[in-house]
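This briefing concerns the protein chain shown below.

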Amino acid sequence: MVALLSSGAWAAEVAQVPTFGVAELVFKGPRLAGSDNPTTTVDLRIQFQHTDGKAAYTVAAFWDGDDVWRVRFCPTKEGRWTIVDVTANRSFTGPAKGDHVTATRSDLPGFWVQGRSAGGRWFQRANGRHDYLVGNTHYDFLFAPRGTEATRQTIEKDVSDNAEHFKKL
């Protein structure tokens, strides 16, 4: 592994975003040739840990052309998220171990998570909100077990038969 060089001598706040927002960190690294495959040639991973010491996530960087690599991190709780580990198989400059992202209070709903209902059957947002998704576009799922295919006619009939039951946006 190659050490990551910090862009500054002191630990710094590298981003401030709302909880469940996206912090994008930019790194400068190797310039790849046209024949290189960035997903197999370069590996850059950043580990973030919340100040509570419990929540930690490792995020892989992606190549954004030339010598630019990006990490997009979505903090799941309010507070300070410190970069506690940086692993790379090449040399990079950018945010370094000790730098941090600050997550501020937010009304964003968060990720979809398994609900707290009996058996964990229902999904909800991380903030506890239940969004009900209603749709009727799973035709292959419905028709394939019967050995038939959804056709334009069967889909149009289904829509016309059920249109009155759904609020249209």
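**Aromatic residues and core**

F73 counts as buried because its relative accessibility is 2%, where buried means under 20% relative accessible area, exposed over 50% and partly exposed in between (1.4 Å probe, protein chains only). The model is predicted: local features need pLDDT of at least 70, side-chain atom pairs count only at pLDDT 80 or more, and totals for chains, interfaces and linings use all residues. Residues are numbered from 1 along each chain as its sequence is written, and side-chain values use heavy atoms, with hydrogens and water left out.

*Aromatic pairs*

- Rings of Phe, Tyr and Trp (its six-membered ring) pair if their centres lie within 6.5 Å; planes under 30 degrees apart count as stacked, over 60 as edge-to-face and the rest as tilted.
- The count by this rule is five aromatic pairs.
- The pair of F73 and W81 is edge-to-face, because the ring centres are 5.3 Å apart and the planes stand at 65°.
- W81 also counts as buried, since its relative accessibility is 0%.
- One aromatic cluster is formed by F48, Y57, F73 and W81.
- R125 lies over the face of W112, 4.8 Å from the ring centre; the rule requires NZ of Lys or CZ of Arg within 6 Å of the ring centre and within 35 degrees of the ring normal.

*Nonpolar core*

- A nonpolar core is a set of buried Ala, Val, Leu, Ile, Met, Phe, Trp, Tyr and Cys residues joined through side-chain atoms within 4.5 Å.
- The largest such core has 23 residues, of which L44 and F48 touch the most other members.
- Two or more residues come from each of β2 (13–18), β3 (23–28), β4 (44–50), β7 (68–73), β8 (79–88) and β10 (100–104).
- The most is given by β8, with four residues.
- Beyond its neighbours within four places in sequence, F48 is in contact (heavy atoms within 4.5 Å) with residues including L25, Y57, F73, W81 and V101.

*Residue V26*

- V26 belongs to strand β3 and is partly exposed, at a relative accessible area of 38%.
- V26 and G94 are 68 residues apart in sequence, yet their C-alpha atoms are 6.4 Å apart in space.
- With neighbours within four places in sequence left aside, the contacts of V26 are V68, W69, R70, T93, G94 and P95.

*Whole chain*

- The protein chain has three helices and twelve strands, taken as DSSP runs numbered from the N terminus (helices H or I, at least four residues; strands E, at least two).
- Of its 169 residues, 31% are buried.
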